[in-house]
Structure formats: structure tokens, C-alpha cells
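Please open the model in a viewer and keep the sequence at hand.

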Amino acid sequence: MNGRRVVVTGIEVLAPGGMGAKNFWSLLSEGRTATRKITFFDPTPFRSRVAAEIDFVPEEHGLTPQEVRRMDRAAQFAVVAARGAVADSGIELTTLDPYRVGVTIGSAVGATMGLDQEYRIVSDGGRLHLVDHQYAVPHLYNYLVPSSFAAEVASTVGAQGPSTVVSTGCTSGIDSVGYAVELVREGSADVMIAGSSDAPISPITMACFDAIKATTPRHDDPEHASRPFDGTRNGFVLGEGAAVFVLEELTAARRRGAHVYAEIAGYATRSNAYHMTGLRPDGVEMAEAIRVALAEARMPAEDIDYINAHGSGTKQNDRHETAAVKRSIGEHAYRVPMSSIKSMVGHSLGAIGSIEIAASAMAMEHNVVPPTANLHTPDPECDLDYVPLTARDHRTDAVLTVGSGFGGFQSAMVLARPDRTGS
Amino acid sequence: MSGGGETPVTTGVVVTGLGIVAPNGLGLRDFWSAARTGRSGIGRITHFDPGQYPARLAGEVPGFVAERHLPGRLIPQTDRMTRLALVATDWALRDAGVRPADRGEFDMGVITASASGGFEFGQGELRKLWSRGSRYVSAYQSFAWFYAVNSGQISIRNGMKGPSGVVVSDQAGGLDAVAQARRQIRKGTGLVVSGAVDASICPWGWVAQFASGRLSTSDDPDAAYLPFDRRASGQVAGEGGAILIMESAENALARGARVYGEIAGYGATFDPNPTGGRGAGLRKAMELALTDAGLAPGQVDVVFADAAGIPELDLAEARAITDLFGPCGVPVTAPKTMTGRLYSGAGPLDLATALLGMEEGLIPPTVNVEPSPSYQLDLVVGQPRAAQLCTALVLARGDGGFNSAMLLRRCRRNPTGPTTADSF
């Protein structure tokens, strides 16, 4: 390492119930939930019928009619969030060498919503095996290959440096930021516009999660359907959204007098090499990712003030994650608050990792840790402090955020105040 | 022979194994015997009847029977691209002489690229959803089609728990994945499986690919994909790619591995206007790769072109190359004229082809093309060209404006210490 340190200087979030970083934080700090009965399509045939949807009117966020036509909903989220993050950072990208500004956007399922809709048309409702190209939208290729998301973001902010989409399932949102941090550290870029976006609430996604019983079948009480770490939880609630950051090298950020939210001090990803959707209860691989991320941050586990959990609300995950945290940070696991914001904004697959990084940075900003909503009767096998129901005032100088996903990927990231670490 | 290089040999990242699944050859040996002699794998689509579509030619991987190579339980849960990737990985590991069970599980990572995911699998499940109902959708749809599936399945099959990753940057992504693998090896991981395999030659994938507006509508396999030719009028798409076993040079030398070459340099840029500005973004990516490797343009022995087959894109690439190397200043080739464009698989397959060419001292040809003199390229056409190759520069461009360039080096002179040339 050449000593280049990377900090977050701009944040924008599009989340269910929380459009814009400020509204997002209000939702979290007030412990409100944004899950509801699905409105995008008739959910009656499905086992799971709740989701955390965004009421998104693209034109209200400055997108032009042609931008709306050529972009899938997730690409629209990414572009709006990227513009917001750049504005929040106050950085003047036009004053920089554009080849030193890059983009990484995470997404687990790309343009799945657009593909689902377009397939229905070109196949005439599934009747045609030889689907009819004459009914395809002109920008279908942008849906086929989701690097179009990164291309749209790079074009809108004027970045000409290294750009890509990172797609590692449900850890994409951490891995995209981690990838960007490595580019700045090694000197391949000075500024990265990094984050993630997903808009998966479509019939095909609901159907495949129904098939493996991953999403909750509980639809009598949609507002309280996402219940991580609660003994009554029985699956996650699908969500959508995006979060994008401006990442800069620390000295450059200080030179221009930027507001620094946090340093990305450590990051690691590991695989469980076990099962595409299953987790071993021992949490060994997530623990290894946490251990390596802490080592990269040169931070003892005791310095972690808050853990932003993956906390998807499946029994398997909640126990796996609890074990991983105990295994990696020992007794400190029982002292540090750990919560899941998926209880409020649902699980937006590849986007949620970045949304959770935003929540972590804002917890540091406000010295408040968000709660795990809907946690009334803890699973006895999940015996840590999950910050039930209400946010808590809590001095927060360093945060660990973790993610776990299909494919067996386990990721961990450490955020810290830059004047605290690396000394 | 080129030389130079300032970093000690032991800090390099090298390729020690290749697994190839290409339209003109299944497996390294078949592929190389085709590529070195200019045998093409482009033909009329056989995976489905393409008669009703405007584009009917593709590069399909011939003779691949997954059941011969993979356990039966993997078949229903995998798309064709994943089966090809798993088998290519098996072959690459065998080629490298690596048994994953003998190594530390956290010391092996998997970093691949994807472009369209498991699209054929997705088509089957979408059809069930819309024609029969949501209850008929397979449980495997939750992962079999998504972009991360190849990395996940490779890690599971081989017990690899180290740093993982998946990048998507259209056709440029394969090189980006290899660069990310090099990054992780530099940070301390001993071995990374990298590269990419893509396959989406199914009706739904074909319609989506055709929407790019770039596919050739020719029915003549020898005239459909003619980069840098006056007749250039489009591309042929293909399936397949290559998997590379990458290790630190230190590890590879310590275990006495055969080393194909070093990943010596890499650069990536984004060009919002890829056909304007004389290919400035692509040129910048090449310059970054050269700087990264510590080499001057005169030390590059061959360029593997992106070779779009679209006149404006060919012009931009030719200008980027001639601006940097001078008119006809370096041999240029496009073996992908024999395979079609393999999306994220293209860059890794070109890396493999370049490494094999370096080993034999031969530049595989660009087939069917009569180069237009206006491009001022020394294009290797028709026959392979014998050449001492110490370095090769591989270029890849992705739709939307992604440019990646990767420099390979086979041998290195250590200017200060004892000569280690030809160790690689």
C-alpha cells in the first residue's frame, strides 16, 4: 500500500420511504418501516406478497423522457443517486482530469424488471419460443448487459476513468465500493463515483424467491413483515433502491475543504464455497472477511462502535451472521450494538450493501445507531444487542458493515473517522 | 526481444494455466490448432432455427456435452455458460498442475466477468412464468441466471474461499476481471481463477443482442465479420471464452510451474463518445497499460485489436493504434474473426491466444479480411506470421464506451540482478 487513504465526501440515497439522504435518515432514526403490499403488479398468485417499493417519478428527479426510455428503473436510480452524491460532495468534477475519475456501480440482478416486461411482450405472454424481435424496445441491449448502468453514470458525471459494474449478488453494494476504494488506493483514480442500484420487484424475482421460500409468506401485516432476528421471522422482504458515494483520496478532500463523512478503512470479501443459496451455521467465511477487513483498517475489534448487520430476516442468515460476528470479534460482540435496517427498507439485493454503508456513515455523522424495527421477541439463538425498535444515541467513531449473498459471497467493510485510524 | 522492467521478478503476477472453450475449438489443443492456422468456427446458428431473424450467423462452441464432464446434479441448476465455465476451469487447473484440495482454501480466489448472465436459463423460466404461472418457476432461477453465478459455482466446485468478484463491462469486462485478479494476488492471495465465459445464443438472448444494431445480417460466414476491411458492415456474436489460472510469480516459480507469461500492464478508461476524438480513450488505456508495465510503445511486439467490424469504431481503433505506434508501426491481429465476438469471454480468449502465440513464436491471423490501406495498420491476414514475441497488447471495448488494454510479457531482463530471462 502506498498510504493513500480513501474517504466518503458525498452521499445520496434512494430508498423506500426515504428518497434523498436526509429523508432516508429520518426514516431510520425514527424506526419507521416502508414495507407494504405489492402495488407494482397483482401479487395474489404469489406466496410472498409484500415488498418495500419506491414511489418514483423519474421526471421529478430531473430525468428527461429519452433518459427514461433508454434506462431500466435501476439505471434511473443509479443516475439520480450519482448526480445527488456529486452535488452533496460539492466537488467540481470538471476541474479534474476526467481520466482520474472512475465509476463502479453494483447490481445483483441488473435490468431484471425491464427484461421481465420485455420478455412478456416479445414472447407474446410466453407463447413463442422463437420470440419476435419486431416487438423489442430499441434499447433492449442496455437491459441485456447491465454495464449500461455504469456507462450512464459515467456519462452523466463526465467520468472517463476506470468504470464497471460489480455484480456479486447481494454483496454487490459493498463490493462495488470496495473495488472503487482499491482503485483510488493503488493510484488508478483520484475520485470514484461508487455505489449500487437494484430494482428487482418484478414477477420473475418474486417467483424465484417463492420457489426457495426465501421471502416472507406473511402478508397479513405488511408494515411489520420484515423482522430480522425476531423469533417469528420467516423470510426477507424484497426492496429496491440505490446509494451512490463520492470517494476521494483523503489529502485531496482536505485540500478542497470537503466535508468528510468517513474513511473506508478496511474491506474484504470471501466465499463460503459451500452452496449457491445455503449457509453453514458456523459463519467461518464471513468471520474471515471481518477479520481481514479489520486488519486492513489496522483496528482492534474493540474499536468497532456499531455493526450494521446483513440481517435479512431469514432464520439461516440471522444465525449464521450472529455466529460470524462472535467468531470474529469475540466478547466484544456482546457489547457492540448491531442492527438491521432491512427491517425498515427491505432487502434490495445488490443495492442494499451501499444503502447500508450510507446508513453506517450517517450513524457516525449523528452519533445515533438505527434500530432493528419489528424486533419484539428475539430468537433465543440470536443473543446479541440488535437495538430493538428504537434508535439509540451512541458515540459512533467506527462501524463494521457486513453482507452475505447467493453465490456464497461474504463481505465486510470498516468505516471510521479519518483522524482516528491509521495513526 | 523486448526487455526492461524495474520491479523484481518475484512481484509479478503470471498465468500458469489455460482452459479454453471457443467456437473454433473445445479445449486448448483444438483451439490452438484452429487459431494458428486460421480455421473459423463461425456458421449458421444451430441452437435454434434463426430463419426468422435478420442475423443468422454466430460462433457456437462445437461438440460440448456437459454430462461428459460434470456431475448430473449440476446440469439442471446451470446455464450453458456456467457449464462451459466450470469445464474450462477444470481444464485450466489441470493445465496448471494445480489440485485445489492441496492448497489453503482462503488462498484461492475466483474473479470472473459476465455480460448477460445465464440468459438461456432465464428464457426458460420466464416462459414458465408467463405461460403457466409463477408456481412453475424453478428454484434454480434464484441464482442460475445472475451475473455472479460462474464465480459462485467455480468457488463451490473447487473449494475456493479467497477473494471473489464479478465485473460487468460488456466486452471489456474480461480484461477488467483479470486486472482485479492481479490486484488480489498483489495483496497476497496465492492463486486466482479468472477470465470469463459468456453464452446467450438462445432466441431471447439473440433478440436482445440484435437490438445493439451491430450484428451482421450476412449469411456468408467468410464475409460477415470483416474488421478493418472496406466491406465491414457488422459483427458476428459468439459464445465461449477462456479461464486463466493466475499466481504470483514467486509461488509459480517455487512450485516449478510452467509460466505462460506475466500480466505486466493494464489500463482502463471510459469514452462517452467512442467513435469521436480519434479513439482518445482507447489510446489512453493503452498508454496506461504501457506505463504500468514500464514499457515504451516500441517494445510492444503485437497488438490484439478489439476489431469491432463497424467502420466508425474500426477507424477510431486504427487511429488510436497509429497515433501511438505510428502507421504500420506494430503487427496487429484479430483472431476473433474466427470466433465472433464473445462478449466478456473475448478479452480472456485473446489473452490466451497471445500467450500461446508467444510460446510458439507466431501471430495467429485475422481471417477473411482485406485490410483497407486507409487504416494504415500492419494487419496480419490470411496466414499466421512467425515472430519472436516477448510482449503482446490486448485491447477490448465494451458497448457504451468501456476501453481496456492489457499488456502481456513472456520474458524479462532484470536490469540489475542476475538474468532470469526465459524463466518467463
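The tour begins with conventions and then turns to selections.

This is a predicted model, in which local features need pLDDT of at least 70, side-chain atom pairs count only at pLDDT 80 or more, and totals for chains, interfaces and linings use all residues. Residues are numbered from 1 along each chain as its sequence is written, and chains are lettered from A in the order in which they are written.

Select strand S6 (residues 163-166) of chain A; strands (E, at least two residues) are DSSP runs, numbered from the N terminus. A:Ser163 and A:Val165 point one way, A:Thr164 and A:Val166 the other, and all are buried (20 or more other C-beta atoms within 10 Å of the residue's own, with C-beta atoms placed from the backbone). In a regular strand, side chains alternate between the two faces of the sheet.

Now show strand S6 (residues 164-168) of chain B, which runs antiparallel to S6(A) and is joined to it by 2 bridges. The bridge partner of A:Val165 in S6(B) is B:Val168.

Definitions and conventions. A residue is buried if 20 or more other C-beta atoms lie within 10 Å of its own, exposed if 12 or fewer, and partly exposed in between; C-beta atoms are placed from the backbone. Helices (H or I, at least four residues) and strands (E, at least two) are DSSP runs, numbered from the N terminus. Two strands pair if DSSP finds at least two bridges between them.
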